[in-house]
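Have a look at the model below and keep it open while you read. We'll walk through it topic by topic.

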Amino acid sequence: MTSKIDRRDFMKAGAAAFSAVASVDVGPAMAQDSSSPSIEHQLPAIFHNGNILTMEGDTPDYVEAVAIKDGKIAFAGPMEGAIATVPEATQIDLQGHTMLPGFIDSWGHFTLLAQQTLGVNLAYFSPTPPRDKADVIKALKQAVPFNGWIIGYGYIAALLSDGPLSLADLDSAFPETPVMICTLSTLTGQVNSAGIAKLGLTAQTEVTKPGEIVKDPETGKLTGELTFTPFLAAREAAVGSYSEEQTLRTFAAAEALLAQQGYTTVQSYQLTPQEVKDLRTAFDRGSISLDVIGMPSISDAATGEMVKNADWTWGAYSHDGRGLKIPGYQVATDAAPQLRLAAFSKPYLDTTGFPDGWKGILLPQEIVEHWVGYAYENGIQLFVYSNGDAGIDLSLAAIQKAIAATGRADDRRTSIAHSYFVRPDQLEIYKALDIGASMMPPHMMIYGDLQMKLLGPERASLESPLASASKLGLRTMLHCDCPSASPNMMEAIWTAVSRKTLSGQVLGPEEQISPYAALLAATRNVAYSYREETSKGTITAGKSADLVIIDANPLTVPPDMIREIKVVETIKRGKTLYRA
């Protein structure tokens with residue numbers, strides 16, 4: 001028996017948990033509520049009278065008080081010990097709220113989220129999620145064109161009551177202004193006729209694979225829909241270039257949104273040389289305060305040269321223990337399963353629009369093996385991106401080949417992101433090679449019903465097997481892959497616990513995990529994966545005062561209430577970045 005999640009409730013919950021994708025004028029500090037139990041914690045402070053969950057053990061452990069001083073946790077334990085350690089501290093009454101270590105992002109697009117603050121938020125987690133085509137058009141019409149374009153982000157056609165927008169819909173509303181709508185996946189989108197013309201696309205335009213410039217099968221005319229590589233190129237052209245000052249403002253806007261969700265360390269993969277420069281400048285100027293874990297993504301000769309000629313020290317922060325850290329780089333093997341681009345060992349059940357027997361796409365084996373091997377040869381941490389079980393097979397084979405060639409296997413802290421459809425036998429290899437698995441439960445919530453159609457219920461129910469991984473003792477992590485889903489970590493934790501799709505279907509109940517295991521996967525386990533277990537991830541004396549206060553305890557509320565929990569305050573190195 002399943003409990004249905006009403007579409008309106010789903011959109012309302014997402015919007016309540018995540019305010020509008022902010023304008024570029026948003027700064028890193030949000031409006032303050034006079035009823036908040038705390039003050040601006042730039043002076044020594046002692047927090048007490050709440051549920052202070054340290055995340056130190058494999059079972060829940062609470063302390064009575066936490067003292068912070070000079071940006072670090074000075075003491076965690078009895079109140080009398082906190083007062084003795086920092087007698088000058090201001091005492092902060094948590095008023096029964098719950099304090100945790102700040103959330104650490106194990107997979108996300110910080111710079112892409114920042115770029116999206118230049119456009120219109122059409123996602124389910126916007127403050128006014130569109131319910132029909134008219135709502136989408138209305139939101140787009142309220143936008144001021146940027147670099148000549150109106151661009152909407154986070155669009156999900158399946159959530160509109162009257163179906164997807166067509167080229168005719170967009171042309172009727174925007175006959176002259178180029179418009180681009182980017183889907184939540186960040187890998188597909190559509191443009192109007194003015195956009196087609198602006199991009200110089202025709203029915204004869206050569207398509208760079210993988211991906212399509214979609215044509216009407218009857219007329220051969222362009223529909224405005226673009227997928228994967230052609231879409232990514234079109235989005236880059238539409239966004240265009242903008243000033244350094246505007247870039248820094250978008251970083252501040254993205255930070256404000258992520259701090260609102262309790263993050264104290266974020267990630268930005270697919271890092272470019274320009275983004276490295278911009279992030280360094282942002283930290284030089286104090287534009288942002290959250291630590292950023294960055295990683296280049298190897299996809300071609302240019303990105304390979306970026307890694308070979310790195311002008312950073314691998315695994316070191318840019319600004320005296322804070323700022324930008326590039327611990328390693330990403331190697332991808334396949335792509336999104338909801339687009340049928342994830343590589344499987346067995347064909348998709350639904351191959352409509354694809355060749356019979358379609359199993360997805362795999363990146364060339366020689367490229368994957370070369371760059372996995374390069375990481376092991378040069379002592380660089382490796383972050384692999386694999387989705388389907390065949391993509392994971394390619395990753396594991398390349399890693400095993402690199403270990404055999406170099407003899408380097410100890411304390412590599414290699415991770416495989418997404419690991420959506422990892423098989424039990426593959427999890428055993430993860431365990432043997434000490435490979436971490438960073439999984440994305442919100443993907444199952446958003447696309448689980450579609451996956452049952454594309455893969456069949458049996459395979460779809462195997463997505464993100466967190467319980468199986470945990471039973472093996474694997475280092476598991478959770479992520480939202482924002483902006484490919486809401487950055488609401490409480491929603492990710494709820495999905496890991498409930499495994500509910502939008503329709504209320506429970507996919508693979510045997511893979512549900514406890515709220516505490518999910519919290520570990522958003523804090524301590526991620527700190528370990530970044531080699532920051534001595535400075536982050538638990539409420540422990542000597543570690544950075546990276547803390548989040550939430551309005552309820554995920555371990556004691558009914559499981560379906562976890563997604564309703566709100567962040568009250570986010571503290572980075574003892575300084576408040578967000579207060580509800």
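Here is a short briefing on a sheet, some helix residues and the aromatic rings.

This is a predicted model, so local features need pLDDT of at least 70 and side-chain atom pairs count only at pLDDT 80 or more, while totals for chains, interfaces and linings use all residues. Residues are numbered from 1 along each chain as its sequence is written, and side-chain values use heavy atoms, with hydrogens and water left out.

**The sheet**

- Six strands make an open sheet with mixed pairing, in the order β7-β8-β9-β10-β12-β11; strands are DSSP E runs of at least two residues, numbered from the N terminus, and two of them pair if DSSP finds at least two bridges between them.
- At the edges sit β7 (120-121) and β11 (211-215), each pairing on one side only.
- β11 pairs with β12 (residues 222-227) in the antiparallel sense, over 3 bridges, and Glu212 stands opposite Thr227 in β12.
- Helix α7 (residues 228-239) lies across β8 (150-155), β9 (179-183), β10 (188-191), β11 and β12, and runs at about 95° to β12; helices are DSSP H or I runs of at least four residues.
- For that angle, axes are lines fitted to C-alpha atoms, for helices over the stretch in contact, and angles run from 0 to 180 degrees between N-to-C directions.

- Asp389 belongs to helix α12 (residues 389-406).
- Asp389 has a relative accessible area of 6%, so it counts as buried (under 20%; exposed is over 50%, partly exposed in between, with a 1.4 Å probe and protein chains only).
- Leaving out residues up to four places away in sequence, Asp389 touches Ala343, Phe344, Ser345, Phe421, Arg423 and Gln426, where contact means heavy atoms within 4.5 Å.
- Gly373 sits in helix α11 (residues 365-377) and is buried too, at 9%.
- Gly373 and Ser395 are 22 residues apart in sequence and 11 Å apart in space, C-alpha to C-alpha.

**Aromatic rings**

- There are 14 aromatic pairs: rings of Phe, Tyr and Trp (its six-membered ring) pair if their centres lie within 6.5 Å, with planes under 30 degrees apart called stacked, over 60 edge-to-face and the rest tilted.
- Phe344 and Tyr348 make an edge-to-face pair, because their planes are at 85°, with ring centres 5.2 Å apart.
- Phe344 is buried, at 4%, and Tyr348 is buried, at 4%.
- Trp312, Trp314, Tyr329, Trp371 and Tyr374 are linked into a cluster by ring pairs.
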